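Visitor: I would like a close look at a single part of this model, taken slowly and with the terms spelled out.

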Amino acid sequence: MQRYAIAPGAFLTEVPGDKFKRGKISIHLITPGSRENATPLALLPHVLDRRCAAIPDPTELARRLFALYGADLSSESYVVGANRVLSFSIAGLKDAYALGGENLTGQYLELLCNILFEPKLAAGVFEADDVAIEKDKQADFLRSEMNDKRGYCLRQTRRKLYGDSPLGIESAGYLEDIDPLTAAGIHADYQHLLQHAQVEVQVCGIDGQAAAQAVAWRLEKLPRTPLPLATAPPLGKPAEYKHYTEPMNTVQGKLCIVSTGAPLPDGKGEAVMRIASALYGGLPTSRLFMNVREKQSLCYYCAAAYGYYGGTLTVDSGVEHAMAARAAEAILKELEALQREPVGPEELAGAKSYMRSIMDAGKDSPDVLMNWAFNEWLRGTNRSLDEVLRLTGAVTAEEVRDALAAFSPAVEYVITGKEGA
Amino acid sequence: MMDTRLPAATEAALRFEEQILPNGLAVRLLRMPDYGAVHAIYATRFGSINRAFEHGGKSVVLPAGVAHFLEHKMFENADGVDAFSLYAETGAVANAYTGFDRTSYIFTATNQIDKNLDILLSFVGHPHFTRATVQKEQGIIAQEIGMYDDHAEMRCFYALLECLYHNHPVRDDIAGTVGSIAEITPELLYTCTDAFYNPSNMALCAAGNLTMEQLLDAVERAGLPAEKAAPTRRVFPEEPLTIAEKERRFKMAVAMPLFALGFKEKPVAGNSTHTEAVCDILGELLCGETSRLYRRLYDEGLVQPGFGGEYGHNDGCLYHMFSGESNQPEKVRDAILEEIVRQRREGIDPRQFDTCKRMMYGEAVAELESVQQVAGHLSTSYFRGRTPAAELAAIADMTLQDVEAALDEMLNEKRSAFVVVEPTV
C-alpha cells in the first residue's frame, strides 16, 4: 500500500487490487465536526450526486452509470470521532470485463470528479430545486429513524451518553436545522469544505497516477488552506449509571447498555479491546451469547461492540418486555465476571482465531482494505492489517481482564411495550 | 445494442468445476487461488414452502416454520457440543439461513479448511434432537418471531403474499408463528431430515483458495451414504391464478406509511432462467432509477430512496412487487399502474433497455469478486438447474421483443394486490 502527497493537505493511497473484478476510487473530504455544519454537510452529498454540470439531467446520470455496466456511484456524510467525513466513491468493472473493450476506469474517474468538483449551478449557487427536494428527503429520513427499532435504540443511547459533546454530533444532521437551509448557504458550506478540508483519495484496481493528476488539477484551482483534524478526549468514568425507558408499540423490547471509562488505546491497547469485546459479546461463543441467550434464554440477540473514539463498550439486545430488567442484570454480571477473572486459554485462543479469520478474510475485499487504510490514517496509527494481526496474536488473558476493568455502565436505554411493561 | 460475446476475462472468471457423486451429492467449486479465504455452503433443497411431501410411503404435512426450526437445531451434536464451539477452535465464521426453497449452512475461513469442511459435513449429516432441546428452541425462536413482528417491511411483504396467494405456503413467514412451531416434535424433525437431508437432495459449493480434491476428500471422510436415497415427492396445494385479497391495511409503530403493490404471475414450470431475467429487467424499466417515473415520484416527494421493483420465484409461484415508503401510497400505486399501461401502449425505450442489460451484466460479473457471493451463486444456480454462465447468457440473449411480450402478459391489474402499513399515531 502506497500513500503520497498530491497537493497541499491532499494525499492518495494506492490499495492493491489486482485480484478484484472491479476498480474503485474514493475521495474523502475531512473537516472538524460541529453542530453548525452537521446538517448542511449531511445534506451536501445528496445535492451533489443528483447531477453535475456535464450531465444536468438526473435520469441521464443514472443511465450513464447503467451504461458503464452498473457502475456504483455513492456518497455519504458521517461522523468519525470529532470529525465529519464526506466520502464520494465510484466502483465498476475493470476494462478487461467490458463487452466492447471500452476504457471504463478513465470514465469512472472523470464522472466522480465531475460530481464532486463541477456541480450543476444556477446563478453561481446550487439549483434551488435540488436543495428543496433533498431537504424534504433528509427530513423524512430523520423522522423515519424509529422504523428500525434496533438502530433507534442504539442512537437514543448514544444521544443520552454524549449529549452536546463534540463526539455526539449526529451523522445525519438535525431535523430542526433543515428548514433554514438555502441553496446559497449550502453552496457556501461546499466551497468552505473544498478550501479547508483534508483530502484523502484512495484507488483500488485503478491507475493511481491518473487519479492523482485528475484530483490535483482540480484542487490547484482552489485557494486551499486545509484545517488540522479535530480531536476530543474519550468520555472517562461515568459519574452515575443513568436509566431511560421509552414506551413504543412493539412485540419485542430493545435494551441497550453503554459502558465507558477506557482511555484512548495505545498501539496494543486497541488489539486488546478487539479481543475483549469479541469475548464479551462479539462471537457466536461469547459470554453474552452463551450465558444470557443460550443458558438463560433472556434475549434473542445480545452483542457487544467497542467504540474507539469515545472509549465505549456498547451492548444491544432484543428482549421480551418482561425480561428486560433481568437481561440487563445478566449482561452486567457477565462484564463483572470478565473484569474479575482472566479468561481460560481455550476461550482466548478461540477469540484470536476468529479475529484472525475476520481480518485475513478482509484482505479479499476492496472495501475492507480501503476502509482499513482510511481509518488508520484518521486515527494517526497507519498500521497494516498484518501489523494489527500480530498485535492481536500477542494479547494475554490478563490484558483482556485489565482492559475491561476500566469500564463502568453509564447509560441504559430500554424500549418497553406500550404500557411501559 | 449490447455485444453478446463475453470477454475472455469474464469467461475465465465463470469457469467452475462440478461433480455429481454416485449418491447424488452435487459438488461445485470455483477456484480463486489469489484469495486468502474460502467460503463453503452445504445446502439442502428444503425450505419453508416444502410443507407437504411423500417419503418412504408416508404422506407428511408440516406446520409453518419447520425448515427454519431445523436449521437452528442442526448445530447441536449428540455429545452436547454445538458446532459453533467446534468452529471456535478453527476460527471459522459460521452461520446458516433458511429461505423459501432451501436451507444453507455456511462458513468462511482462512485456515484449517479441511477441518472446517469436516465440521460442516459432520453436524449437518448427523442430526440430534431431544424433547428438552426442542422445547428450549421453541422459546428462542418465539423471540426471533417477536423481532420479525416489529419489522414493518417484513410484515408488509408477508401481508402482500397473503393477499396474492390463497394456499401456496409462500404466504407463511419462513420462521412460522409461535403457535405453529409449538407443534414441532423431535420425531417430526427426524422425518424431515430423512426426507431432505440426504446427499441426493443436497449440494456442497465452495469458492476460494482450495481444490476439488480437498472437497471430495472431505466428502469421503464424512462417510455419507454411498447410494442415492429414495426420492421425496414434494406436494403443493392447488393455487388458482386469482388473488386472495385485493387490499389490506394495518397499523404499526412507523413514522411514514409503507406500501407494497404486488402482481401474481403464472408460475414457470421447468427452466426459469429466461423468465427471471425478463422479470428482473421489467422492474427496472418501469420504476428503476433509469426510468422517468422514478425521477418524477422521487422529486415530487412521493417516494423515498429504496423504492423499487423486484420479483420472486419459487416452485409454484411467481410474483412482482413494487414497494417503498410514501406519505401518499395510493398515488404511487396509481402512477405505477399508469406507467405499465403507457409502456404497453408506447413500447419500451430501446436505449433504456440496452443500458439496463449492461447494468445486469455488470452486476453479475461484480458478484464474481467475493468468495461469499461466488459460492452463493454456485449454490443458487445449482438448485435452479443452471450455471452462472447460463444466467449471463440469458441476460445477453434477452431481446426487447421478449420483454414487450412479457409486459403484455404480466403485471395484470386484475391480479394485483395492495398493502399499506400505516403509522400508529
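Into which domains is chain A divided?

Guide: This is a predicted model, in which local features need pLDDT of at least 70 and side-chain atom pairs count only at pLDDT 80 or more, while totals for chains, interfaces and linings use all residues. Residues are numbered from 1 along each chain as its sequence is written, and chains are lettered from A and ligands numbered from 1 in the order in which they are written.

Chain A is divided into domain 1 (2-220) and domain 2 (242-416), with bounds that come from an automatic or database domain assignment. The C-alpha centres of domain 1 of chain A and domain 2 of chain A are 30 Å apart, and the contact between them takes 23 residues from domain 1 and 22 residues from domain 2, two residues being in contact if their C-beta atoms, placed from the backbone, lie within 7 Å.

On the side of domain 1 of chain A that touches domain 2 of chain A, two or more residues each come from strand 2 (10-15), strand 3 (22-32), helix 5 (149-162) and strand 8 (198-204) of chain A; helices (H or I, at least four residues) and strands (E, at least two) are DSSP runs, numbered from the N terminus. Helix 5 of chain A gives the most to this side, with eight residues. By class, this side of domain 1 of chain A has eight nonpolar, nine polar and six charged residues, where Ala, Val, Leu, Ile, Met, Phe, Trp, Tyr, Cys and Pro count as nonpolar, Asp, Glu, Lys and Arg as charged, and the others, Gly among them, as polar.
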